[in-house]
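Open the model in your viewer and keep the sequence beside it. The tour below tells you what to select at each stop.

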Amino acid sequence: MLSSGSNSTSEGSSVMGFPDVIAAIAEDHRPSERAFFQRLRSLPASVASDPHMLGELYLIYQAAMHATRAAVYYLPHLDSPAMRKRKLQIFIDDDGLPGGDTHHYQLTRAFKNIGALCPIGDEDFGDADELVDHLDPATAKFVQLAKTLYARSLGPWCIVETMSDDWMRALADSLSVHFPSVPTEPYFADCFSQGVEERHAEEAIAVTQSVLERRPELLAQTIEDAKTMAAALDDVWVVMDQIVQATIAKHESALTR
Ligand SMILES: [Fe+2]
């Protein structure tokens, strides 16, 4: 633990080394190396186009994304006018797209356009405590943790933004094997062409580092919360992999009947 006024943790992490710590956590939990993305990519076409599977994958992924997008509004330590301006730009990238569009709506359209039967409507993604009723335990845990931890420290925000470009590219790559139009969906195309997630990652870390320079006593909690969030996200990819495996089994048993 930190002693008051210190700028390094007992594990040797320092405020100056914070970006390296986040990079190391991201490397340990790199989403694109999770089994889900490879299994989705390798599916037979008949399984990949299963509207129920696509809908279930949509629900889990959108729920996790929704939880982080909603939680960003409660980030602590960023109340000065200059910090509010920087936060606002992040909000705008998610919820202030041209024509009243949002990242949420873009993602829904991307899945509907490949045939997903989405189990719940856009506006059913509300408070975490209600959303969890639609979710498996691991995704529910991620959703609840996002709500709690984003409001406690800036670490969860930093790690999620740092990893998001990797998982968005992995998801686009896996889906595009079966649905070649996926990379042109605005959810992916706008993000990749404008480097939105790389910018968010740099901004989150820069903002957090400036907070930590003033408040080094926050460093240990910030790092701990980043690790907790990254581990919870690992479990979301496991759930998505289980959905794919269950769909493979369902189609195989239908063939042998
Ligand atoms: Fe982002």
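Helices (H or I, at least four residues) and strands (E, at least two) are DSSP runs, numbered from the N terminus. The model is predicted: local features need pLDDT of at least 70, side-chain atom pairs count only at pLDDT 80 or more, and totals for chains, interfaces and linings use all residues. Residue numbers start from 1 along each chain as its sequence is written.

**Stop 1: Ala26.** Select Ala26, which sits in helix α1. Is Ala26 buried or exposed? A residue is buried if 20 or more other C-beta atoms lie within 10 Å of its own, exposed if 12 or fewer, and partly exposed in between, with C-beta atoms placed from the backbone. Ala26 has 21 C-beta neighbours inside 10 Å, so Ala26 counts as buried. Now show its contacts (C-beta atoms, placed from the backbone, within 7 Å). Not counting residues up to four places away in sequence, Ala26 touches Ile159, Thr162 and Met163. Then draw a line to His134, 108 residues apart from Ala26 along the chain: their C-alpha atoms are separated by 28 Å.

**Stop 2: Ile159 and the core.** Move to Ile159. Leaving aside neighbours within four places in sequence, Ile159 is in contact with Ile22, Ile25, Ala26, Ala226, Met229 and Ala230. A nonpolar core is a set of buried Ala, Val, Leu, Ile, Met, Phe, Trp, Tyr and Cys residues joined through C-beta atoms within 7 Å. The largest one here has 75 residues, and Phe142 and Ile159 have the most contacts inside it. Helix α12 (residues 219-256) gives the most to this core, with 13 residues.

**Stop 3: α1 against α12.** Select residues 18-28, which form α1, together with α12; the two pack at an angle of about 15°, with axes 10 Å apart. Axes are lines fitted to C-alpha atoms, for helices over the stretch in contact, and angles run from 0 to 180 degrees between N-to-C directions. Angles under 35 degrees count as roughly parallel, and α1 and α12 are therefore roughly parallel to each other. Show side chains next. Phe18, Val21, Ile22 and Ile25 in α1 meet Leu219, Ile223, Ala226, Lys227 and Ala230 in α12.

**Stop 4: Phe91.** Finish in helix α5 (residues 81-95), where Phe91 is found. Phe91 counts as exposed because it has 12 C-beta neighbours inside 10 Å. Beyond four places in sequence, Phe91 touches Val72 and Gly96.

How values were computed:
Two residues are in contact if their C-beta atoms, placed from the backbone, lie within 7 Å. Angles under 35 degrees count as roughly parallel, over 145 as roughly antiparallel, 65 to 115 as roughly perpendicular and the rest as oblique.
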